[in-house]
Amino acid sequence: MAEIHPTAIVDPTAEIADDVKIGPYSIVGPHVELGSGCVLHNHVVIGGPSKFGKNNEFFPFSVIGLKTQDLKYRGEPTFLEVGDNNVFRENCNINRSTFPETKTIIGSNNLFLINSHCGHECVVGNNCIVSGYSGIAGHCVVGDWAIVGGCTAVHQFVRIGEHAMVGGGSRIAQDVPPFTIVEGNPAIVRSINMIGMQRRGFTEEDVRAMKLAYKKLFLKKGCNIQEGIEAILADEKYGDNPNVKKLIDFINSSERGFIH
């Protein structure tokens with residue numbers, strides 16, 4: 001049977017795995033599903049409809065799964081879906097979707113630090129870090145292994161590519177290309193995320209290929225992006241590297257424009 005502190009309030013419609021721990025003064029609202037191994041420390045608020053996988057940990061005053069802050073919301077049932085092994089630190093806030101046909105989706109193995117926010121209809125991948133006091137507005141997409149530095153503001157509908165790193169205090173109004181480090185107000189591409197790539201097992205050939213792409217696309221002042229892409233693809237050694245192709249596909253599919 002779940003370990004529920006006598007001061008906690010759990011709605012009778014909530015589905016709680018047998019080994020969940022719910023600490024003092026926490027509230028689990030209607031239509032919440034908590035998977036095996038989830039731990040709610042004291043003063044946690046979880047709203048629904050929402051579904052959480054295994055081994056998620058919620059620290060005091062985190063507020064997860066309450067209704068969207070979007071003024072278009074009209075009171076319909078909307079949804080949040082969360083994977084496994086996520087950590088939500090103090091005062092973290094994540095909202096459900098605005099529309100019933102969509103969801104806010106959080107993957108697995110992510111870390112949301114103190115006072116971080118993730119808005120409605122956001123899709124966050126796996127192994128991401130959202131640092132303290134950072135806000136990710138609605139409809140954003142965050143790729144796997146991305147890191148968002150502290151006190152960063154991310155505009156609605158922005159995509160942050162996989163293995164990208166956003167420096168602290170940045171203003172992100174356009175897409176962040178994968179495998180890059182961006183920083184500033186407004187943000188610009190500073191370099192490739194070489195250390196991140198090395199730590200995650202990318203080969204030296206992958207890193208060299210990304211260095212070439214960086215030089216062709218971001219380093220040369222006044223560079224025509226399409227000419228840079230053509231030059232990369234024409235390179236006999238690195239033009240067919242799959243990670244370079246991911247970068248190019250990301251750029252070509254950008255709707256808001258991308259940081260460079």
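Author: Happy to! Keep in mind that this is a predicted model. A disulfide is a covalent bond between the sulfur atoms of two cysteines. Here, a search of the whole structure turns up zero disulfides.

Reader: Are C122 and C140 buried or exposed?

Author: C122 is buried, at a relative accessible area of 1%. C140 is buried too, with a relative accessible area of 1%.

Reader: Now the helix. Which residues of helix 3 are buried?

Author: First the general idea: an α-helix has 3.6 residues a turn, so residues three or four places apart point the same way. In helix 3, which spans residues 225-234, the buried residues are I225, G228, I229 and I232. Viewed down the helix axis, they fall within an arc of 100°, so they line one face of helix 3.

Reader: What do the buried residues of helix 3 pack against, and what is exposed on the other side?

Author: They pack against helix 2 (204-219) and helix 4 (242-252). On the other side of helix 3, E227 and A234 are exposed.

Reader: And what happens at the start of helix 3?

Author: There, N224 places a side-chain oxygen within 3.0 Å of the backbone nitrogen of Q226.

Methods
Residues are numbered from 1 along each chain as its sequence is written. This is a predicted model: local features need pLDDT of at least 70, side-chain atom pairs count only at pLDDT 80 or more; totals for chains, interfaces and linings use all residues. Side-chain values use heavy atoms; hydrogens and water are left out. A disulfide is a pair of cysteine sulfur atoms within 2.5 Å. Buried means under 20% relative accessible area, exposed over 50%, partly exposed in between (1.4 Å probe, protein chains only). Helices (H or I, at least four residues) and strands (E, at least two) are DSSP runs, numbered from the N terminus. The arc is that of the directions from the helix axis to the C-beta atoms. Contact means heavy atoms within 4.5 Å. A polar contact is a pair of N or O atoms within 3.5 Å; within protein, one must be able to donate a hydrogen and the other to accept it, and residues adjacent in sequence count only if both atoms are side-chain atoms.
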